[in-house]
Amino acid sequence: MRLVCLADTHLYEHELPPLPYGDALVHAGDLLRRGTLDELARAAAWLKEQPHRHKIVVAGNHDRCFQQTPAEARALLGDDVVYLRDEAATIDGVRFWGSPWQPEFGGWAFNLPRGAALVERWAQIPAGVDVLITHGPPRGFGDGTRSGRAGCEALLEALARVRPALHLFGHIHEGGGLWRHDEMVLANVTTWECERGPTVISYDPRARQVTPIDVPPARPSGAWS
């Protein structure tokens, strides 16, 4: 399965060049800016235009409507988009799990305090996941900001238990990149408001083999997402 991976498009998606070929389009959150249903209608129309056979979305901290009016938000995405909020989906033999939560920041959506609340969320991730999609990063990978590391310690600990073949996330615009860690591949697939291109990754579920196809360079340091 070839995955075309994005995050943090923030309604700038029309500034991207045509997306590359892939079996699945994965968006790791922050489709929106203010997080309204009107904004989501625009982003959903763009998603529907994309030719990828499968489309998988988790929400991000800017995607408020998915937390405030979840039924209406899911309906706007439509039946051809798989939306994951602490849940699984198996697509062409690949087991996905998606979750929108991240350590608390300001008054944005899907925030939880560090510690027990996040440990409880990550405890829901089952064993046997091939591709884990979260909006925020684990501690130490693609999480550096001018104020220090923003990643989640509890998520890093959960990775050691779940051991997905591939972990996709975004949230930290300046943290784009891909890393190999303890036989897992971790990738911050941020587009930095569409100034950075999509990350393309091939995954063979039979061998649990992850092959990076196109990993754009990180953008220079900038503001928190």
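Q: Leaving aside its neighbours within four places in sequence, with which residues is Glu-39 in contact?
A: In this predicted model, Glu-39 belongs to helix α1. Once the neighbours within four places in sequence are set aside, the residues in contact with Glu-39 are Leu-11, Leu-32, Arg-33 and Arg-34.

Q: Is Glu-39 buried or exposed?
A: A residue counts as buried when its relative accessible area is under 20%, and as exposed when that area is over 50%. The relative accessible area of Glu-39 is 5%, and therefore Glu-39 is buried.

Q: Within what arc do the buried residues of α1 fall, seen down its axis?
A: The buried residues in α1 are Glu-39, Leu-40, Ala-43, Ala-44, Trp-46 and Leu-47. Seen down the axis of α1, these residues line one face of the helix, because they fall within an arc of 160°.

Q: Which residues are exposed on the other side of α1?
A: An α-helix has 3.6 residues a turn, so residues three or four places apart point the same way. The buried residues of α1 pack against β1, β2, β3, α2 and α3. On the other side of the helix, the exposed residues are Asp-38 and Glu-49.

Q: Which residues touch the most other members of the largest nonpolar core?
A: The largest nonpolar core holds 43 residues. The elements that give two or more residues to this core are β1, α1, α2, α3, α4, α5 and β14. Within the core, the residues that touch the most other members are Leu-40, Phe-66, Leu-77 and Trp-122.

Q: How far apart in space are Ser-99 and Val-57, C-alpha to C-alpha?
A: Ser-99 lies in strand β6, which covers residues 94–99, and Ser-99 is buried, with a relative accessible area of 1%. Not counting residues up to four places away in sequence, Ser-99 touches Val-58, Leu-84, Asp-86, Trp-122, Ile-133, Thr-134 and His-135. Ser-99 and Val-57 are 42 residues apart in sequence, and from C-alpha to C-alpha their separation in space is 9.5 Å.

Q: Which residue is the bridge partner of Val-200 in β16?
A: Strand β15 (residues 199–204) and strand β16 (residues 209–214) pair in the antiparallel sense over five bridges. The two strands form a hairpin with four residues between them, and Arg-208 in the turn has a positive phi of about 50°. In β16, the bridge partner of Val-200 is Asp-214.

Q: Which residue meets Asp-143 in a salt bridge?
A: Side chains of opposite charge can pair when their charged atoms come close. Asp-143 counts as buried, at 0% relative accessibility. The side chain that meets Asp-143 in a salt bridge, at 2.4 Å from N to O, is that of Arg-149.

Q: How far apart are the closest N and O atoms of Arg-163 and Asp-182?
A: A salt bridge needs a side-chain nitrogen of Lys or Arg within 4 Å of a carboxyl oxygen of Asp or Glu. Arg-163 forms a salt bridge with Asp-182, and the closest N and O atoms are 2.9 Å apart.

Q: How many residues apart in sequence are the parts that Arg-163 and Glu-183 tie together?
A: Arg-163 also forms a salt bridge with Glu-183, where the closest N and O atoms are 3.7 Å apart. Arg-163 lies in the loop between α5 and β12, whereas Glu-183 lies in the loop between β13 and β14, so the distance in sequence between the parts that this pair ties together is 20 residues.

Conventions:
Residues numbered from 1 in each chain as written. Predicted model: local features only at pLDDT ≥ 70, side-chain atom pairs only at ≥ 80, totals over all residues. Heavy atoms only, no water. Pairing = 2+ DSSP bridges. Buried < 20%, exposed > 50% of the residue type's maximum accessible area, 1.4 Å probe, protein only. Arc of directions from axis to C-beta. Contact = heavy atoms within 4.5 Å. Core = buried A, V, L, I, M, F, W, Y, C linked by side-chain atoms within 4.5 Å.
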